[in-house]
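Hi everyone, thanks for making time. I'd like to walk you through one model today, so let's bring it up on the screen.

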Amino acid sequence: MNKNLGFWLYAAGAVTVLIATAAFVFFGTGFLVGWRLKLMMAMRWVMAAGVVFNIVGRVMTLPKNGSFRVKRLNNLMALSAVMLATAAFLMFAGNTYIGGIYVAKSSFIAFILISALIDLWVTFRMPNEKK
């Protein structure tokens, strides 16, 4: 039951991250006034909730196998989770300077893309569980 719930949390987190990103990309350009501004403010929180669901789902579905390969792939999944958390932070930050580096409003998309590519690679490299 625990792994099944973890899978559904992971899937719900991935879907909410996708919805928030799509809304931010399609409606977040131009002048943000009225309903578009309210939508962008809400999508930031939807993104943050999706990242939390995603991370909790990943933690709940960690395999118990002790092989070096699985541990390395789990470390890559942790890096992917850090990339998602960074993307959520950058959604809140907007156009600003962080540590003397200018960060554009749409820079969070790069971190989501990196996370998605890591997830895709790990999906194909993770060995199947033997029953």
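Let me start with a term: a residue is buried when its relative accessible area is under 20%, exposed when over 50%, and partly exposed in between, using a 1.4 Å probe and protein chains only. On that scale, 29% of the 131 residues of the protein chain count as buried.

A word on where this comes from: it is a predicted model, where local features need pLDDT of at least 70, side-chain atom pairs count only at pLDDT 80 or more, and totals for chains, interfaces and linings use all residues. Residues are numbered from 1 along each chain as its sequence is written, and side-chain values use heavy atoms, with hydrogens and water left out.

Now the layout. The protein chain has 4 helices and 2 strands, in the order α-α-α-β-β-α along the sequence; these are DSSP runs numbered from the N terminus, with helices being H or I of at least four residues and strands E of at least two. The C-alpha atoms fill a box of roughly 55 × 35 × 20 Å along the principal axes.

What about contacts, meaning heavy atoms within 4.5 Å? Among those between residues at least 6 apart in sequence, 73% join residues at least 24 apart.

Finally, please look at helix α3 (residues 68-93) and helix α4 (residues 108-125), which pack at about 160° with axes 8 Å apart. Those axes are lines fitted to C-alpha atoms over the stretch in contact, with angles from 0 to 180 degrees between N-to-C directions. Angles over 145 degrees count as roughly antiparallel, and α3 and α4 are therefore roughly antiparallel to each other.

Notes
Contact means heavy atoms within 4.5 Å. Angles under 35 degrees count as roughly parallel, over 145 as roughly antiparallel, 65 to 115 as roughly perpendicular and the rest as oblique.
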